[in-house]
Structures are given as C-alpha cells and as structure tokens.
Amino acid sequence: MQVAAAAAKAGAEVIRAGFGRPQRVEMKGPVDLVTETDRAAEAVVVALLERERPQDGIRAEEGTQRDGRAGDRTWVVDPIDGTTNFAHAVPHCCSTLALLEGGEVTAGAIANPFTDELFSAARGEG
C-alpha cells in the first residue's frame with residue numbers, strides 16, 4: 001500500500017504542476033486525448049515503481065509496458081484519469097494505479113491533486 005500511495009501522490013504532483021498551463025495535446029483516438037502532462041506523470045510514477053518494485057510488471061495507459069521478472073504482479077497505471085477535464089482546465093481528475101496479482105486486483109490508490117485527498121485499498125484490509 002505504501003508504494004501504491006507514494007506512486008499516486010507522485011503522479012498527482014505532476015498533474016498539479018501542469019494544471020492550467022498550455023499543453024501539447026494529441027488525439028489517441030476519436031475522443032481520447034493525451035497531454036504532455038499525462039506522459040510526464042506516467043514517467044514519474046513508472047520511475048517510482050521501477051525503483052521500489054523492480055521485479056513487478058507495469059502496464060501504463062500512455063505506453064509503458066514491462067513484463068515482471070518474478071511472479072505474476074503487474075501495476076496498472078492511469079497517470080491522469082480525466083485527461084479531457086485536465087486539458088480543459090476543469091479540476092476534476094486524478095492519478096490512479098492498481099496492483100494485479102494473478103490477474104486479480106489486490107491493491108490500489110487514487111490521489112486527487114486539487115484536494116490533497118488520497119484513497120487507497122488493499123484486498124483483505126477493508
């Protein structure tokens with residue numbers, strides 16, 4: 001849980017720093033945006049996960065794909081959940097990630113960069 005919380009908070013800090021600033025925005029699909037802050041937040045979250053859990057796999061929305069080296073643990077990362085809001089300077093988005101073990105979600109964290117709220121949960125811990 002500590003790693004999930006730290007990673008979500010790190011992503012939220014990048015969101016907060018980029019919010020309201022001019023962004024290069026690209027279209028990944030007909031209605032799917034990606035901003036330079038999406039990529040920057042993903043880089044920060046992935047770097048933290050690689051440092052703290054180098055054996056785990058990573059699947060992140062903006063392209064990071066790495067298989068785990070030991071076991072069946074994979075982090076699933078959405079660096080900015082709510083990119084459309086972010087791109088339009090609407091303060092309703094967050095940084096999210098979850099840990100899959102054996103294909104099941106066992107932990108996750110969501111950090112709101114505008115309210116400093118952190119929501120986290122782990123299987124069996126309420």
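The legends below describe close-up views of a predicted model.

**View 1. The largest nonpolar core and the elements that build it.**
This core holds 20 residues, and those touching the most other members are Ala7, Leu49, Trp75, Val77 and Leu97. Two or more residues each are given to the core by helix H1 (2-18), helix H2 (36-52), strand S3 (57-60), strand S5 (73-81), strand S6 (94-101) and strand S7 (104-112). H1 supplies the largest share, with six residues. In soluble globular proteins, nonpolar side chains tend to be buried together.

**View 2. The surroundings of valine 77.**
Valine 77 is among the core residues that touch the most other members. When its neighbours within four places in sequence are left aside, valine 77 is in contact with Val45, Leu49, Arg59, Ala60, Glu61, Thr96 and Leu97. Two of these partners, Leu49 and Leu97, are themselves listed with valine 77 among the core members that touch the most others.

**View 3. Helix H1 and its buried residues.**
The 17 residues of H1 should span 24 Å at 1.5 Å a residue, and because the C-alpha atoms at its ends lie 25 Å apart, the model agrees with that expectation. The buried residues of this helix are Val3, Ala4, Ala5, Ala7, Ala8, Ala10, Gly11, Ala12, Val14, Ile15 and Gly18. After the helix comes glycine 20, which has a positive phi near 80 degrees.

**View 4. Strand S3 between its two pairing partners, S4 and S5.**
With S5, strand S3 pairs in the parallel sense over four bridges, whereas the pairing of S3 with strand S4 (residues 65-66) is antiparallel and consists of two bridges. Isoleucine 58 takes part on both sides, standing opposite tryptophan 75 in S5 and having arginine 66 as its bridge partner in S4. The hairpin of S3 and S4 has four residues between the strands, and glycine 63 in this hairpin adopts a positive phi near 130 degrees.

**View 5. The antiparallel strands S6, S7 and S8.**
Seven bridges join S6 to S7 in the antiparallel sense, and six bridges join S7 to S8, again antiparallel. The hairpin of S6 and S7 has two residues between its strands, with glycine 102 in the turn at a positive phi of about 60 degrees. In the hairpin of S7 and S8, four residues separate the strands, and aspartate 116 has a positive phi near 60 degrees.

**View 6. Alanine 89 and aspartate 116, two residues other than glycine with positive phi.**
Alanine 89 has a phi near 60 degrees and lies in the loop between helix H3 (83-87) and S6. Its relative accessible area is 41%, so alanine 89 counts as partly exposed. Aspartate 116 likewise has a phi near 60 degrees, and is found in the loop between S7 and strand S8 (117-122). Aspartate 116 is classed as exposed because its relative accessible area is 59%, a value that lies above the 50% cut-off for exposure.

Methods:
Residues numbered from 1 in each chain as written. Predicted model: local features only at pLDDT ≥ 70, side-chain atom pairs only at ≥ 80, totals over all residues. Heavy atoms only, no water. Core = buried A, V, L, I, M, F, W, Y, C linked by side-chain atoms within 4.5 Å. Buried < 20%, exposed > 50% of the residue type's maximum accessible area, 1.4 Å probe, protein only. Contact = heavy atoms within 4.5 Å. Pairing = 2+ DSSP bridges. Expected span 1.5 Å × (residues − 1).
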